[in-house]
Amino acid sequence: MSEPILGGVVHTDADRSEPLLRAGNTNCGGCGMSIALNMISRAVAERRVQIVIPACCGIVTAGPFPASAYGAPVVASTFAAAAAVATGLARVTHANNEDIRVLCFAGDGGTYDIGLAAVSAAAERNEDILFLCYDNEIYGNTGGQRSSATPFGATTTTTPTGKHVAKKDILGIMAAHRIPYAASVSMAHPEDMMRKLQRALDVRGFRFLHILSPCPTGWKSEPSEGVQLVRWAVQSGIYPVLEVVDGSLWTVNVEPDFSEDALESFLGHQGRFAGMTVTVAEVRRSVLRSWDALRARCGPPTAPAESNGVGAD
Amino acid sequence: MTMHMISANHATAAAAALAARANRSGRGFCSGVYPITPQTECIERLCAEQIPKGSVVRVESEHSAMAVCMGGALSGARTFTASSSNGLAYMAENVFAAGFYRLPIVMMAVNRTLGPPWNIWVDHGDTLMLRDSGWIQFYCEDNQEVHDTTLLAFRLAEDEEVLLPVMVCQDAFVLSHTMTMTDIPDQEAVDRFLPELRLPHRLTDTPRVVGGLDFPHQTEVHRKQHLDAMGRVPGVYARIQDEFERCFGRRPPDPVVPYRMEDADLVLVSMGTTASTVRTAVDEARARGVKAGALRLRMFRPLPERAIREHLAGRKRVAILDRDSCPGLGGIVWGELRGLAAPGAVVQNYLIGLGGGDIRPEHVRGVLDDLASRDESGEPHFMEAGA
Ligand SMILES: Cc1ncc(C[n+]2csc(CCOP(=O)(O)OP(=O)(O)O)c2C)c(N)n1
Ligand code: SF4
Ligand SMILES: [Mg+2]
């Protein structure tokens, strides 16, 4: 890991005494999910948590019975059911006055696709759950098929000529449920990410965090470049970093510079865009269009655009 | 105890609510519910119950209804849901999951025809589809039995030697919507009958994964444990029958319920409310001097193989009435029981009352006549009761 995130992803005295992600897990080198879990671990600190993980790379991470690479109790749920299983856990821990945070840690498949009905229903009921979606924009576990989080243009094993429709706006969908807190976080902007994790852990009711999660295996990118790819994604406007309170108060937390450089670097450093039949200009137009809609919700930019995204929060 | 004029749907909800409240000093109660005809009145009634430390979560699908029960059970709560037909088919993935997690969830299932085409009447194919899900299954004959079985299902599911989910099945409309006088025990008696649930594998603070990855040998071990737990059910059930009788003054029926079997040559085997009609037909046949008898299969999982073998020993002709169909085989119950009759016996399958066709005594008389005339069994015999 060449990125100096949190002084590296090493475990320090400042961290949870039992890290959420223990050493010896089976994640690919450079997996963004590993970075996300380490940051979540630091934010969770000594809070009591129970985690529901549906079918996805994140449950393979745990390793085979009876071992666990997770430093917290985990329920491995069926693919679509994480939010509903978490509902049961949250209801019963509440009824017994236990101060336990119930977390879901799901991939984009378990969130955008097969899990969406259960996620939407739990959000509508405002269950006391923190739902974390690590989004690698692909079905990683099954070898890299498209999901509705796969971006416009990306090739996957089931979109060999590139995906011809845009990624689903999951944050917009979740915000439309008027949940207390919904945000997207960037692992290239750790202070912003840590602040949001803390807030999401402390707010009660349904909270949703979207985490763009580099997947060197699926993105066909350098394992060491994951965080840089996220930075380019934020800078180019491809991945908006924002938060929505009560479904109405929208704030952009990191202003992109919409530079062609960032966009070209983001696309150019990933093999999944190499065979795409859509042009960079088309991708750019689609990004700008989505920002028009976003500005309508968030208002005009409040801060000058950052040139490199580092410390931009 | 007081008598109430209620449907089996309401009798089930009453039992679930009593069981729920009985765990108030434990970790409470949790349920996920989703409506489907003919189960709807059961969950509506449950939603109106006052349950301390209880949650009834109105979810968006049966898949989630069972998932909420799984989460609740994993946190140590008593859990219940109800469904039927396509709801069960939609829930199926999590029905299996609940079995594999070894969670003592109780589910009432109203037996209804699977669609399309849509048909809301009784047919056992929906719950029989789930026979391999690792759940205990009971098929009931009247409202009181539905109520009592629901109560004892919690005791059986939660027994430390068992720890398996239990499905309590009842026939659509014939029971679900028919009101009969039903004896509902008071809370104190149920509190005595149902101790607090203590789930050994409930989620605490210990870092471990429930339901994670298994290698082949670990799966073999887990499957063997599941089989062994099922194997202990008949013994535990017998103990619970005694306990139930002590608490409530009536004895729940055995896994296999015989009727006029003493010297019977012709035996009719059925499940659910069909058995009531069969008894009438057996009485008529006996009045005509025909040596007819009947078995009602009340417990289908675990299959009470030994009891069935003993009842069928020495019988020459056996009719198995299936209110279900398995294209490519015949009847599901027949498929399971045909090997349990005495060697050389005629074991003839009758598919009868599919899609809720009203099985009347004359239909059963037809089965008896056909069976009596046979020297060997033939293809499954398809009978039209709905005509
Ligand atoms: C009901 C069901 N359908 C399909 C699968 C196979 N499956 C397991 S994980 C997975 C994709 C997971 O994708 P995602 O949620 O994005 O997580 P990732 O693997 O990318 O981390 C699929 C299709 C399954 N386990 N269950
Ligand atoms: S396939 Fe991607 S998401 Fe899955 S473990 Fe590997 S890098 Fe991580
Ligand atoms: Mg994914």
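Helix axes here are lines fitted to C-alpha atoms over the stretch in contact, and angles run from 0 to 180 degrees between N-to-C directions. Helices (H or I, at least four residues) and strands (E, at least two) are DSSP runs, numbered from the N terminus. This is a predicted model, in which local features need pLDDT of at least 70 and side-chain atom pairs count only at pLDDT 80 or more, while totals for chains, interfaces and linings use all residues. Residues are numbered from 1 along each chain as its sequence is written, chains are lettered from A and ligands numbered from 1 in the order in which they are written, and side-chain values use heavy atoms, with hydrogens and water left out.

A look at confidence comes first. The model scores ipTM 0.97 and pTM 0.96. Average pLDDT (the predictor's confidence in each residue, from 0 to 100) is 97 for chain B, with 100% of the residues scoring at least 70. For chain A the average is 92, and 93% of the residues score at least 70. Where pLDDT is low, the predicted coordinates should not be read in detail.

In chain B, helix α6 (residues 143-158) packs against helix α1 (residues 8-22) at an angle of about 25°, and their axes are 8 Å apart. Angles under 35 degrees count as roughly parallel, over 145 as roughly antiparallel, 65 to 115 as roughly perpendicular and the rest as oblique, so α1(B) and α6(B) are roughly parallel to each other. On the α1(B) side the contact includes Ala11(B), Ala15(B) and Leu18(B), and on the α6(B) side it includes Val146(B), Leu151(B) and Phe154(B). The residues of this contact divide into 10 nonpolar, 4 polar and no charged. Here Ala, Val, Leu, Ile, Met, Phe, Trp, Tyr, Cys and Pro count as nonpolar, Asp, Glu, Lys and Arg as charged, and the others, Gly among them, as polar.

Helix α6(B) also meets helix α8 (residues 216-248) of chain B, with axes that come within 10 Å and cross at roughly 125°. That makes α6(B) oblique to α8(B). Among the residues in contact are Asp148(B) and Arg155(B) from α6(B), and Glu243(B) and Phe244(B) from α8(B). By class there are 9 nonpolar, no polar and 3 charged residues.

Chain A has a helix pair too: α1(A) and helix α7 (residues 190-202) pack at about 55°, with axes 9 Å apart. This makes α1(A) oblique to α7(A). The contact has 10 nonpolar, 1 polar and 1 charged residues.

Most residues other than glycine have a negative phi, and most peptide bonds are trans. Yet the bond from Thr37(B) to Pro38(B) is cis, with omega near 5°, and that from Arg301(B) to Pro302(B) is cis as well, with omega near -5°. In chain A, Ala45(A) has a positive phi, near 50°, and sits in the loop between α1 (32-44) and β1 (48-53).

Finally, ligand 2 is surrounded (heavy atoms within 4 Å) by Cys28(A), Cys31(A), Cys57(A), Asn136(A), Cys215(A), Pro216(A) and Thr217(A). This shell has 5 nonpolar, 2 polar and no charged residues.

Note on methods. Contact = heavy atoms within 4.5 Å.
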